[in-house]
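This report takes up a few local features of the structure shown below, moving from a pair of helices to a sheet and then to a single residue.

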Amino acid sequence: MTEAIEHLHSTTEASAQEPLITVRHLTKKFTLRGPRPKASAKDEQGKASDQAQERQSPRNELVAVNNISFDVYPGETLGLVGESGSGKSTTAALILRLLEATSGEVYFEGQNLLELPPQEMRRRRRDMQMVFQDPFSSLNPRMRVGEIIEEPLRTHRTLPTRRGRRDRVLDLMDTVGLSPDFVDRFPHEFSGGQRQRIGIARALALNPKLIVCDEAVSALDVSIQAQVLNLLKKLQAEFNLTYIFIGHGLPAVHHISDRIAVMYLGKIVEITTRDSLFDDPKHPYTKALLDSSPVSSPELRGSQDELLEGEVPSLDITPRGCPFNTRCLYVQDRCRSEEPPLRSLSDTAQAACHFPLNHN
Amino acid sequence: MTQQPLMENETSTKAAPGGPAVSGSGGSAAVVRRRLRTLLQSPAATIGALVLLLCVLTALLAPFISPYPPGQQHPQDRLLPPFWLEGGSTEFLLGTDNLGRDILSRIVHGVQVTLLVSGIAVIISAVLGVTLGVISGFYAGGWFDTIIQRLVDANMAIPNILLILVIIGSMGPSTVTLTVVLGVTGWVIFARMVRADVVSLRERDFVRAARSIGTRDPVMMMRHILPNVMPTTIVVATLSFGTNIVIEASLSFLGLGIQPPTVTWGYVLNEGRDYLATAWWIATFPGLAITITVLAIMFLGDWLRDVLDPREKKRS
């Protein structure tokens, strides 16, 4: 794992500037209550699943995020993709300390957030905000739009007067494309896209450096998704924001990200620039993910789509060796015994695979 | 902008981006008028409001509108039926009890204490129960929650009436004692229901959002949790009000409730129990009074719950 981190440090664009966020060996384990469910022997090849599925983690423990490391540089957007349960949202919650990590470090401008005392952390939160997935549950139904957007300002006492805060709120509404006339309305009076704009205005209120978008457009209609994505891009350019953009819709992630990390079973299996990921995926899982995404034009579609079979293994019975070995189309013996570290394959690409695609 | 939200509510038009004081002193009369209009749109709530208004007026005017003093006995007219039955007399509209006291007068005089005791007790229970329930649910699994939940369990193990009996028995009966004891022992159901609400609320994204903003826990509870447990609180309060009337009645029957000569509905009701077979009216009319009042409060509670929900304000 350590070489991998050195590689991370030497990423080309990295050399120019210091990362805003540095995540190292971040791990989150959940303790399960009750007896652990028996590993079902529904292995489609009919192999004895005992060996492949032999658990690495002790009983009653679920490793949601497993020793992940990455950097995010100022002004860029890091996309985080993966199937449900791959640990994307948990990672976001860990970075913002909405959940306490089991181990690891998260450096924000060189300061380890996970060691900050509560008071310090509260103060630091103004630099990092979050936009949530469900625009219907992320706004308090009993507060007016103005109060919702004003909350961060009141919490951090950035503007002492009511008048000043009100002006700032109206300003923010204008910035995200909401008519200031709506300031005294309640969230239920808005459409999903408009609500998401309210959420974005709230996230912007304190002039943060980092905004974590947790599936921020997944709940919206496709046409509205584009509007919100464009708004996010516009705001990024305007305020020099850094985004961690979590999504499972590849088009949206492709649209907004500069670099993309692919997660599988709590691990990062590939992290690279957007174009390299879409044009030349290194990890078989990444390729499968791309192939499974519907493409509108036959010309754009890959020559031979290879779709995955089977289901994601349960997190509490992660397979030994490469976590992907139960579903990988190119699986070899080595994959079942030895876990591949995340290693550099080119200037920009790192993947955790013994036999990366199109490599040499 | 994708689409304009549909709004037929007139509040939106005056919500200009101008000042923060949208509903100033001039607006409050308009608000009251608008609320009244929504009240009249709901027949159940209108009936509830009228009944309660009648109760309050009766409570205030009892000495003037009651035909007789509540304790006045008419030895010749014992156990008279209501006036429309054979043997009844228009002098005693709802009949008399075994001592010849006028049932109507006793009901009229009972309103005040009955409503005050039950009402104040509900308020005490609600304040205690909601506070403890919110904190307990917000820190579900923590030490405070554990203590509160064990207290709740302990309380559920003992019938409330028994607990109240023991406390009153040792402190001596009085109206104030009864009110406080009813209030203090009634917090459990509030705490239980509210905690259940809070446990689900605190996982909602708007609470997580507040946390990610850096909002302090007490502020979060006041601003985000408390307003969202109001519907539950109102429903529990209306139920609790009815329970209180009944408990007060039982205690009066045992001689540990409100002491004579003060009359309450429960007291009259229980006095009539021995005569149910022969003089049903003694117990029936106070019972009806309790039923109607509790129903009225429930109707009004339902309406209040809807009105307090911003999503429901669209109509009007």
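## A helix pair in chain B

Are α4(B) and α11(B) parallel or oblique to each other? In this predicted model, the axes of helix α4 (residues 103-138) of chain B and helix α11 (residues 230-254) of chain B approach to within 9 Å and cross at roughly 135 degrees. An angle over 145 degrees would count as roughly antiparallel, and α4(B) and α11(B) are therefore oblique to each other.

The crossing of these two helices, α4(B) and α11(B), is right-handed. By class, the residues of the contact of α4(B) with α11(B) comprise eight nonpolar, six polar and one charged.

## An open sheet in chain A

Chain A contains an open sheet of eight strands with mixed pairing, in the order β6-β7-β8-β3-β9-β10-β12-β11. The edges are held by β6 (128-131) and β11 (343-344) of chain A, each of which has a single partner strand, so that one side of each lacks a neighbour in the sheet.

Helix α8 (residues 192-204) of chain A packs on this sheet, where it touches β6 and β7 of chain A, and its direction makes about 175 degrees with that of β6(A). Strands β7 (residues 210-214) and β8 (residues 242-247) of chain A run parallel and are joined by five bridges, and A:Cys213 stands opposite A:Phe245 in β8(A).

## A buried valine in chain A

A:Val63 belongs to strand β2 (residues 61-72) of chain A, and A:Val63 counts as buried because its relative accessibility is 9%, where buried means under 20%. Between A:Val63 and A:Ala216 the separation is 153 residues in sequence and 25 Å in space, C-alpha to C-alpha.

Conventions. Residues are numbered from 1 along each chain as its sequence is written. Chains are lettered from A and ligands numbered from 1 in the order in which they are written. This is a predicted model: local features need pLDDT of at least 70, side-chain atom pairs count only at pLDDT 80 or more; totals for chains, interfaces and linings use all residues. Side-chain values use heavy atoms; hydrogens and water are left out. Axes are lines fitted to C-alpha atoms, for helices over the stretch in contact, and angles run from 0 to 180 degrees between N-to-C directions. Helices (H or I, at least four residues) and strands (E, at least two) are DSSP runs, numbered from the N terminus. Angles under 35 degrees count as roughly parallel, over 145 as roughly antiparallel, 65 to 115 as roughly perpendicular and the rest as oblique. A crossing is left-handed if the near helix is turned anticlockwise from the far one by less than a right angle, and right-handed if clockwise. Ala, Val, Leu, Ile, Met, Phe, Trp, Tyr, Cys and Pro count as nonpolar, Asp, Glu, Lys and Arg as charged, and the others, Gly among them, as polar. Buried means under 20% relative accessible area, exposed over 50%, partly exposed in between (1.4 Å probe, protein chains only). Two strands pair if DSSP finds at least two bridges between them. Contact means heavy atoms within 4.5 Å.
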